[in-house]
Amino acid sequence: MQPPEENDCPSPPAEVVNRWALRVDSYLGGRANLHWRVSRDGRPLVLRRYQEKPIGDIGYELQVLQRLDALGWPVPVAVDDLLVVDGRTWGLFMWLPGASPAVTESTSELRAVGRLLARLHADLETLVDLGQRPGCQLAEALVADPVLTRRLRDYERLFPEQAHILRWHADRANEYFDSLDLRGRRLIVIHSDFGLPNLLYQDGNLTGVIDFESTHLNHRVSDFALAWRAKRDEIVRGYDEVRPLDELDWALLTPTLWSWVFLGVAEEIHAMTTGAITPHGFDWQVGVLRRRSPLMGVGAEYPNLPG
C-alpha cells in the first residue's frame with residue numbers, strides 16, 4: 001500500500017498531543033475515524049479521532065474491549081480516558097503488532113475466518129449483561145424504520161432504478177423478519193465489522209482483532225454481514241463447523257445482511273435531498289443487494305434484477 005500523500009495526512013490538535021504527552025510517529029489513515037501511530041514514554045499507541053457523530057455510545061465499545069481483553073483476546077483496549085477537543089472525541093489505545101493478511105479467497109482461509117468468528121462469539125455471548133448499546137438497534141428495527149421508508153421514496157426522484165432495488169430489498173427484509181418468531185430469541189454482543197481487514201497476524205499468529213466501533217447487541221448472524229456479503233459462503237460454513245447454526249439462524253442470514261446494507265442510508269438520502277452532499281446512486285449498497293448466494297435459499301429472487 002502506498003503511503004498517503006502529504007496533504008492527506010492531517011495532524012492531531014496540539015491540545016490532544018500535549019495533554020497526553022504524545023509523540024506523533026505516523027498517520028495511519030481511516031475513513032470515518034482517523035488514526036495515528038503515536039508513542040508515550042517510548043510505548044507505541046494508537047490515537048483515534050472519532051467521526052463527528054460516533055456510532056452509539058463510545059463507552060460501550062470500551063467496555064467490550066476491556067471484557068474481551070480480560071478473556072485473553074488481543075484487542076486494542078483504551079489506555080486513558082476519552083478527550084473531547086474541537087468538538088471531536090479522541091481515544092488512546094494499545095498498539096497491536098501485525099498486519100491484515102492478503103485476501104486469497106481460498107476455501108481454507110475463509111473457513112478459518114468463520115471458525116475464528118465462532119470462537120469470538122463464544123466469549124461475546126457472555127457480555128449480554130451490557131445490554132443494548134445506546135444509539136444502536138436490532139436488524140429488524142433498522143429496516144422497519146418509517147423514516148427509512150419515507151426517504152427511500154424521496155430517493156426515487158433522484159435515482160428511480162437504484163431506489164427500486166433498495167426499496168424492494170428493504171420491503172423483502174421486513175417480510176422475512178415478520179415471518180419469523182423472534183420472541184425470546186437469544187441475542188449476543190457482536191463485533192459488527194468482522195472481516196480480514198480487521199484481523200491482524202504476525203508470523204501466522206493472530207495478534208489483533210480491531211475496529212469494534214459499532215459493536216452492539218444483535219442476532220449472531222448479523223456478524224456475517226461484512227465478512228460474508230453473500231459471496232464468501234465458506235466463512236459461514238466454517239462458523240457452522242464450530243457453532244452450528246439452527247433453522248432460525250439460517251432464515252435470518254439474508255434479512256440481517258440486507259438490513260446491514262441500509263445502515264446510514266436514510267441520513268445520506270436526507271443529505272442529498274437537502275443539498276448537503278452531491279446525489280449518488282448508492283453503487284456499493286446496490287452492488288451488495290444484487291448478489292445471490294446458495295445460502296440465501298428460496299425466496300430471495302429479485303424480479304428482473306438488472307445486470
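1. Ser106 and its surroundings. The backbone nitrogen of Glu109 sits 3.1 Å from a polar atom of the Ser106 side chain. A polar contact here is a pair of N or O atoms within 3.5 Å; within protein, one must be able to donate a hydrogen and the other to accept it, and residues adjacent in sequence count only if both atoms are side-chain atoms. Ser106 belongs to the loop between strand S5 (88-94) and H3. Helices (H or I, at least four residues) and strands (E, at least two) are DSSP runs, numbered from the N terminus. Ser106 counts as partly exposed because its relative accessibility is 27%. The classes are buried, under 20% relative accessible area; exposed, over 50%; and partly exposed, in between (1.4 Å probe, protein chains only). Ser106 and Arg232 are 126 residues apart in sequence, with 9.8 Å between their C-alpha atoms.

2. Basis of the values. This is a predicted model, in which local features need pLDDT of at least 70 and side-chain atom pairs count only at pLDDT 80 or more, while totals for chains, interfaces and linings use all residues. Residues are numbered from 1 along each chain as its sequence is written, and side-chain values use heavy atoms, with hydrogens and water left out.

3. Nonpolar cores. The largest nonpolar core holds 75 residues. Val64, Phe224, Trp228, Trp258 and Phe262 have the most contacts inside it. Helix H6 (residues 160-179) supplies the largest share of this core, 8 residues. A second, separate core has 14 residues, including Leu22, Leu34, Leu83 and Leu92. A core is a set of buried Ala, Val, Leu, Ile, Met, Phe, Trp, Tyr and Cys residues joined through side-chain atoms within 4.5 Å. In soluble globular proteins, nonpolar side chains tend to be buried together.

4. Phe224. Beyond its neighbours within four places in sequence, Phe224 is in contact with Leu117, Arg229, Ile235, Val236, Tyr239, Leu245 and Leu253. Contact means heavy atoms within 4.5 Å.

5. Helix H9. H9 (residues 247-261) has a kink of about 40 degrees at Leu253, shortly before the proline Pro255. The bend at a residue is the angle between axes fitted to the seven residues ending there and the seven starting there. H9 is mostly covered, with 12 of its 15 residues buried. Among them are Leu253, Pro255, Trp258 and Trp260. The buried residues of H9 pack against H4, H6, helix H7 (224-228), H8, helix H10 (265-273) and helix H11 (283-289). Asp246 caps the N-terminal end of H9, with a side-chain oxygen 3.1 Å from the backbone nitrogen of Leu248.

6. Met296. Met296 lies in the segment after H11. Its relative accessible area is 6%, so Met296 is buried. Not counting residues up to four places away in sequence, Met296 touches Tyr176, Trp228, Ala230, Thr254, Trp258 and Arg291. Met296 and Thr273 are 23 residues apart in sequence, and their C-alpha atoms are 33 Å apart.

7. Salt bridges. The count is 20, where a salt bridge is a side-chain nitrogen of Lys or Arg within 4 Å of a carboxyl oxygen of Asp or Glu. Asp25 pairs with Arg23 at 2.7 Å, N to O. Asp25 is partly exposed because its relative accessibility is 34%; Arg23 is exposed because its value is 55%.

8. A bridge between distant parts of the chain. Glu61 and Arg133 form a salt bridge, with the closest N and O atoms 4.0 Å apart. Glu61 is in helix H2 (residues 58-70), and Arg133 is in the loop between helix H3 (107-124) and helix H4 (139-143), 72 residues apart. Both Glu61 and Arg133 are buried.

9. Arg237 and Glu234 form a salt bridge with the closest N and O atoms 3.0 Å apart. Both lie in helix H8 (residues 233-242), 3 residues apart, about one turn of the helix. An α-helix has 3.6 residues a turn, so residues three or four places apart point the same way. Arg237 is partly exposed because its relative accessibility is 30%; Glu234 is buried because its relative accessible area is 18%. A network of salt bridges links Arg111, Arg115, Glu234, Arg237 and Glu241.

10. A buried charge to inspect. Asp193 sits in the loop between strand S6 (188-190) and strand S7 (199-202). Asp193 is buried yet has no salt bridge. The nearest side chain of opposite charge, Arg31, is 4.9 Å away. Lys and Arg count as positive and Asp and Glu as negative; His and the chain ends are not counted. Leaving out residues up to four places away in sequence, Asp193 touches Asn198, Asp211, Ser214, Asp223 and Leu226.
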